[in-house]
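These are my notebook entries on a structure that I had not examined before. I wrote down each item as I looked it up.

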Amino acid sequence: MVYKIPTDVQRIGRDIAPEQLRYHTKRVLVAKEFTFDSAHHLHCYEGKCQNLHGHTYRVLVTMSGAPDERGLTIDFADMKRIAKSRIIDPLDHQYLNEVLPPMNTTAENMVVWMFEQLELALEEEGFAPRVRLEEVKLWETPTSYAAATRAMMEEL
């Protein structure tokens with residue numbers, strides 16, 4: 001295999017026109033994954049989870065949209081900033097029963113709260129309606145997760 005080493009970097013206006021930056025106008029999915037550690041216990045539950053215990057949670061946030069004139073749907077840095085400020089930082093290394101709204105801290109309840117927080121942030125920051133939150137998945141263990149999708153959240 002022959003490798004070609006570039007001698008110059010591509011420059012806008014010289015090598016590529018601004019109108020070429022967006023290759024298409026199709027809606028695409030973009031996703032970012034996060035982890036956080038927290039403790040909780042479940043009410044009205046008979047089993048191990050009735051006792052105070054902790055998890056390393058994994059969250060996958062999926063958004064969709066058509067790319068802007070630069071070819072970006074939403075900058076991954078914006079996804080990270082929004083998710084960290086709205087869900088990760090408030091929950092990381094916390095006792096979930098105290099920091100979440102009054103609820104049983106099940107993955108099923110938490111993932112809907114997360115969806116609501118992220119959707120509100122997209123609206124408040126002006127990303128919506130061009131960018132939509134499509135799905136939030138929350139893994140409580142490596143093999144167990146709950147998910148909230150746009151379609152599920154819009155059901156009556």
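Entry 1. I searched the whole structure, a predicted model, for disulfides and found zero. Cys44 is exposed, with a relative accessible area of 88%, whereas Cys49 is buried, with a value of 18%.

**Entry 2. Backbone at Cys44 and His93.** I stayed with Cys44 and placed it in the loop between β1 and β2. Its phi is near 55 degrees, a positive value in a residue other than glycine. I noted His93 as well, which has a positive phi of about 55 degrees although it is not a glycine. His93 belongs to the loop between α1 and α2, the latter spanning 96-99. I recorded His93 as exposed, because its relative accessibility is 60% and the limit is over 50%.

**Entry 3. The largest nonpolar core.** I next asked how many residues the largest nonpolar core has. The number is 32, and the residues with the most contacts inside this core are Phe36, Val59, Met63, Met114 and Leu138. I listed the elements that give two or more residues to the core: the strands β1 (28-40), β2 (53-65), β3 (132-141) and β4 (144-149), together with the helices α1 (76-91) and α3 (107-124). I noted that α3 supplies the largest share, nine residues.

**Entry 4. Helix α3 and what follows.** Helix α3 has 18 residues, and the distance from its first C-alpha to its last is 26 Å, close to the 26 Å expected at 1.5 Å a residue. I then listed its buried residues, which are Ala107, Met110, Val111, Trp113, Met114, Phe115, Leu118, Ala121 and Leu122. Just after α3, I found Gly126 with a positive phi of about 80 degrees. Further on, I checked the peptide bond from Ala128 to Pro129 and recorded it as cis, with omega near 10 degrees. Pro129 is in the loop between α3 and β3.

**Entry 5. Phe36.** I returned to Phe36, one of the residues with the most contacts inside the core. Which residues does Phe36 touch, leaving aside neighbours within four places in sequence? I found His55, Thr56, Tyr57, Val59, Ile88, Leu91, Asp92, Met110, Met114 and Leu138. Phe36 is buried, with a relative accessible area of 1%.

**Entry 6. Aromatic pairs.** I counted two aromatic pairs in the structure. Phe36 and Tyr57 form a stacked pair, 4.9 Å centre to centre with 15 degrees between the planes. This pair links distant parts of the chain, since Phe36 lies in strand β1 and Tyr57 in strand β2, 21 residues apart. I noted Tyr57 as buried, with a relative accessible area of 0%.

Trp139 and Tyr145 form a pair that is tilted, with 5.0 Å between the centres and 50 degrees between the planes.

**Entry 7. Pro18.** My last entry concerns Pro18, which I placed in the segment before β1. I recorded Pro18 as partly exposed, with a relative accessibility of 47%. Apart from neighbours within four places in sequence, Pro18 is in contact with Ile12 and Glu69. I also looked up the separation of Pro18 and Pro102: they are 84 residues apart in sequence and 50 Å apart in space, C-alpha to C-alpha.

Notes
Residues numbered from 1 in each chain as written. Predicted model: local features only at pLDDT ≥ 70, side-chain atom pairs only at ≥ 80, totals over all residues. Heavy atoms only, no water. Core = buried A, V, L, I, M, F, W, Y, C linked by side-chain atoms within 4.5 Å. Buried < 20%, exposed > 50% of the residue type's maximum accessible area, 1.4 Å probe, protein only. Helix = DSSP H or I, 4+ residues; strand = E, 2+ residues; numbered from the N terminus. Contact = heavy atoms within 4.5 Å. Expected span 1.5 Å × (residues − 1). Phe/Tyr/Trp six-rings, centres within 6.5 Å; stacked < 30°, edge-to-face > 60°. Disulfide = S-S within 2.5 Å.
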